[in-house]
Amino acid sequence: MPAFGMRTALSDVEGLPKDLAVVAAYRQLATAAPTNGVALVVTVQAPADRAEQVGQALLAAAPRAKGLAHVSGVAEAPRTSVDRTVTVLPIGVDLDASDARLPAVVAAVRADVMPQVSAALADMPGVAVHLGGEAAATDLAAWMDSRLPWVVGFVLALTLVVMLVSFGSPWLAAATVGLNVLSVGAAYGVMTAVFQGTWAEGILGFTSIGSIASWLPLLMFVVLFGLSMDYHVFVMSRVREARDAGMSPRAAVRAGVARSAGVVTSAAAVMIGVFAVFGTLSVLEMKQLGVGLAVAVLLDATVVRGVLLPATLALLGERAHRGPAWLPRLHH
């Protein structure tokens, strides 16, 4: 359930321990010179002989930028590249890179400041106006969030097809997808409950920034789904062997789980140990990765593969081993 409230963002210095000297120095610099901290950068590419006109257009837009919420300062003068083809105007923001309010500031600059610059340079050939700085990180986070459902859908569909032609049971294929989604969803929920709140800060030694690293959900999904399928196919193969040997469906489940329990438990213990090491690191994103993966493998190897999978197979009975006659018989 907590996974439905997950918020993702790309963090900056706020993901590092606050007691580091470099972090303290960065904070002091950002306070003294706002445009050297979290900043949006209005960038204009134009012919070199028009650099002065571009600078004037950016300066004319500076007052409008200063009037926006959470803008802490605007550079006194635009900066121009050595070849004079690129001119930038940094706009300081008094928010951290992972702050939920930053996307609204980015949208405001795009809606109020950039059109003024573009209009002032409308008659200039070969001009391009862009917004960089933390806007790029905000855009990247939104892009990764938008692609996650496509990746999840593709992997689930492919898993369904592979399980269908490998074991020949539509019921088993659907149960496989459902159990793996449940396993990954539980991992998302644990990670959200731990790191978007503050109750576990003292236990794990971190300061919550109220978000999960944008790249983590996608990475965790592909890693955990691969591990889950590894355990699942191993257990299911032992169950299928027992059923083919003449055991009843329920007896085959008991025998298959008993034969595979040692290997699955040992493999899971190794993975939990490896991932837990990441949970001891001081960088927040690495800590999120380690705790999320370690808890996910623990849940998958115990609750999902040790309880839910055998229970599902027992309920399905013979349907877990048989399917329509038209299905390709790639299994034995």
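This is a predicted model: local features need pLDDT of at least 70, side-chain atom pairs count only at pLDDT 80 or more; totals for chains, interfaces and linings use all residues.
Residues are numbered from 1 along each chain as its sequence is written, and side-chain values use heavy atoms, with hydrogens and water left out.

Helix α9 gives the largest share, three residues. A cavity is a set of points on a 1 Å grid over the protein atoms alone where a 1.4 Å probe fits but cannot get out; a pocket is an open set with protein on both sides within 12 Å along at least five of seven lines; and lining residues have an atom within 4 Å of a point. Helices (H or I, at least four residues) and strands (E, at least two) are DSSP runs, numbered from the N terminus.

Which residues line the largest cavity? They are Ser183, Leu224, Leu227, Ser228, Tyr231, Ala296, Val297 and Asp300. The volume there is about 40 Å³, the space filled by probe spheres set on grid points joined across faces, edges and corners. Helix α7 gives the most to this lining, with four residues.

Now, how does α7 sit against α5? Helix α5 (residues 170-195) and helix α7 (residues 216-244) pack at about 140°, with axes 9 Å apart. That makes α5 oblique to α7, since angles under 35 degrees count as roughly parallel, over 145 as roughly antiparallel, 65 to 115 as roughly perpendicular and the rest as oblique. Axes are lines fitted to C-alpha atoms, for helices over the stretch in contact, and angles run from 0 to 180 degrees between N-to-C directions. In the contact (heavy atoms within 4.5 Å), α5 brings residues including Ser183 and Tyr188, and α7 brings residues including Phe221 and Leu224. That contact has 14 nonpolar, five polar and one charged residues.

Finally, the largest pocket holds about 240 Å³ of space. Tyr188 and Phe221 are among its lining residues, and α5 gives the most, with four residues. The lining has 10 nonpolar, one polar and no charged residues. Thanks, everyone!

Note on methods. Ala, Val, Leu, Ile, Met, Phe, Trp, Tyr, Cys and Pro count as nonpolar, Asp, Glu, Lys and Arg as charged, and the others, Gly among them, as polar.
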